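Here are a few friendly notes to read alongside the model. Take them one at a time, and keep the structure open as you go.

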Amino acid sequence: MSTVFVEGTPISETRAPDVPLEQRWERRRFTARLVNPANRRRLSIIVVGTGLAGASAAATLAELGYQVRSFCYQDSPRRAHSIAAQGGINAAKNYRGDGDSVHRLFYDTVKGGDFRARESNVHRLAELSVRIIDQAVAQGVPFAREYGGLLDTRSFGGAQVSRTFYARGQTGQQLLLGAYQAMARQIHLGRIATHPRTEMLDLVVVDGRARGVVVRNLVTGEISTHVADAVVLATGGYGNAFHLSTNAKGCNATAIWRAHRRGALFANPCFTQIHPTCIPVSGGHQSKLTLMSESLRNDGRVWVPVAAGDTRPPSQIPEAERDYFLERRYPAFGNLVPRDIASRAVKSVCDAGRGVGPGGLGVYLDFADALERLGRDGVESRYGNLFAMYERITGDDPYRVPMRIYPAVHYTMGGLWVDYDLHSTIPGLFVIGEANFSDHGANRLGASALMQGLADGYFVLPTTIGDYLADGPFPAVGDVSGAQAEVEDRIARLLAVDGDRSAEDFHRELGAVLWEHCGMSRNETGLRKALELIPALRVEFWSRLRVPGSGAALNQSLEKAGRVADFLELAELMCLDALHRTESCGGHFREESQTADGEARRDDAAFSYVAAWEFTGVGRPPVLHREALSFDHVTPSQRSYS
Ligand SMILES: Cc1cc2nc3c(=O)[nH]c(=O)nc-3n(C[C@H](O)[C@H](O)[C@H](O)COP(=O)(O)OP(=O)(O)OC[C@H]3O[C@@H](n4cnc5c(N)ncnc54)[C@H](O)[C@@H]3O)c2cc1C
């Protein structure tokens, strides 16, 4: 292993105050220096990304009086990937009186993340969860309500309480409209300048501080540089490294990967979440996968035939010949076990030949009981848009036949390393939302990503960035033409290869390698093989890539090529991280490390740390910095959901 990476100095400082857990955030808020309102007007902040994290941050920072410049590659900030979030957002409100509390949400999240997240961050997240709901309600977000008018909740995986607030199957969209509306007010007031259809292609670092970004206007092809006192990346996750995922097609790693190349450490890159309930792959032509929200597991029952190779239609398989395997194996949580547990269980029944549908890569998610209990109207009011979406894609009516589902890549827990202040290892570069690694450990619980993105954007960053900006405004930035020239040169190189394979073709091949060797389960032989295949594919990319058109206008092939080039570098780090972590944990199942009954076996003695990687050059061994994790309030144990 020593040949593939170099051991670096451990990370000893995360800036979480050394006071009792419940007081840490309050203490940090008090010790963070303030910037007076007159000075805020003189300070500028670039926010890249307008999903829930970026939009909430931009709106709040501008409301505080900072000059904000906001970038996204969509044609409107409102169309960021967060709009796709379906199921809901967690909050420890305990409206149901079912025993929820801040401590329980904290406990569930640390446990759900398989004891690989920081207690300090998770506790803060649980504390702030309640304020997010109040904020969103004040904005008019139309959360579902009960007959009496109270906000309704439902259950999500890994929890025995009902703490997930939702707006039908469109929670992300409604929350994003709320955040965007807050942004729009600031755009109107002139405190936010927006740059849609603009892609960040590099980070500008001056005298060791992040001072700006180099961007490309996706419509005109113009390259420009923008400088500020601080830069915030809210650019989402990198699940599309796998080519097929539930993420929006545009999601990519370029912003965080470029920042990594400029010195920001990248944490836990192999921690990918595989979501159990997606519409199965239907063929090699496919370019993306569709999620069926976890909320469906509130009422849908997951089953396969007891006998391997049983190809009868589901309606002809009697009750006694069905295996409701999640309910059987995990009676306490049933169909609502966390995603990593459910995904592995689905894979194991399919591997045993009991899967259903083409290729046996599917299990049933059956609503027959729910339809009997709630009636069609009841089911429709909860999941109507999801059922319609399923029928449109598969042609099957889930009111009549069970859905077929299979696990797919969904979320990345890894991301740029940040301290308790959400500050990366480059001074002045803050990273929020899915783009950072901070709160979910080795497995994110359902409905916790929206919670984290909004906690970061509405509440955490606006406090902590002030502590950094209290030293500003920073000296005027001199000549930054070098950074811009590097971007222009890279674009020219992508166009100049003039080969015979499209970026999409390379992406598909890379995705297959990652899924096969660094997907739901991994082993040393496979990972070593991937570490040979990926660099070879990268070489081929730079000699056979074909990008039609030019850089001087809208060119989606060029956009794609740049993103795939970055995925080809990141993928190697993902495999290397997976190779070095010889334990199983959360979404990361290492075949060599399992219990006798096939459950993931963690190795706390050896791996209770965050792996933060330093870039040293393409194809060169990265440096590993370890941040030890300590658990003083939740004792790491073998996770049990049975
Ligand atoms: C189908 C689906 C359903 C989900 N449902 C839920 C759910 O119910 N509950 C839950 O908690 N989580 C859910 N998630 C996860 C959740 O949606 C995401 O983790 C979350 O929305 C990410 O928000 P974000 O603000 O960090 O990033 P995103 O929403 O991904 O936004 C990224 C932003 O960055 C911009 N950007 C990226 N790169 C660049 C660049 N180089 N230059 C310029 N701009 C750039 C994009 O334009 C965009 O504005 C779901 C995920 C999927 C895929």
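**Notes on the ligand shell, the core and the domains**

1. Let's start with the ligand. At least two residues of the shell around the ligand come from each of these elements: helix H3 (52-64), helix H6 (171-189), strand E8 (198-206), helix H7 (254-261), strand E17 (403-412) and helix H11 (449-469). Please keep in mind that this is a predicted model.

2. In total, 45 residues surround the ligand, and the closest are Gly49, Gly51, Ser82, Gly236 and Gly433. By type, the shell holds 20 nonpolar, 23 polar and 2 charged residues.

3. Now look at the largest nonpolar core, which has 190 residues; Val232, Leu233 and Leu416 touch the most other members. Helix H15 (residues 556-580) provides the largest share of this core, with 14 residues. The core lies between domain 1 (275-409) and domain 2 (481-607), because both give residues to it. As background, nonpolar side chains in soluble globular proteins tend to be buried together.

4. Apart from neighbours within four places in sequence, Leu233 is in contact with Val48, Gly49, Ala255, Ile256, Ala259, Leu416, Leu429, Val431 and Ala435.

5. Finally, the domains. The C-alpha centres of domain 1 and domain 2 are 30 Å apart, and 6 residues of domain 1 are in contact with 5 residues of domain 2. On the side of domain 1 that touches domain 2, helix H9 (residues 339-351) gives the most, with 5 residues. The residues of that side divide into 1 nonpolar, 2 polar and 3 charged.

Technical notes:
Residues are numbered from 1 along each chain as its sequence is written. This is a predicted model: local features need pLDDT of at least 70, side-chain atom pairs count only at pLDDT 80 or more; totals for chains, interfaces and linings use all residues. A residue is near a molecule or strand if its C-beta atom, placed from the backbone, lies within 6 Å of it. Helices (H or I, at least four residues) and strands (E, at least two) are DSSP runs, numbered from the N terminus. Ala, Val, Leu, Ile, Met, Phe, Trp, Tyr, Cys and Pro count as nonpolar, Asp, Glu, Lys and Arg as charged, and the others, Gly among them, as polar. A nonpolar core is a set of buried Ala, Val, Leu, Ile, Met, Phe, Trp, Tyr and Cys residues joined through C-beta atoms within 7 Å. A residue is buried if 20 or more other C-beta atoms lie within 10 Å of its own, exposed if 12 or fewer, and partly exposed in between; C-beta atoms are placed from the backbone. Domain bounds come from an automatic or database domain assignment. Two residues are in contact if their C-beta atoms, placed from the backbone, lie within 7 Å.
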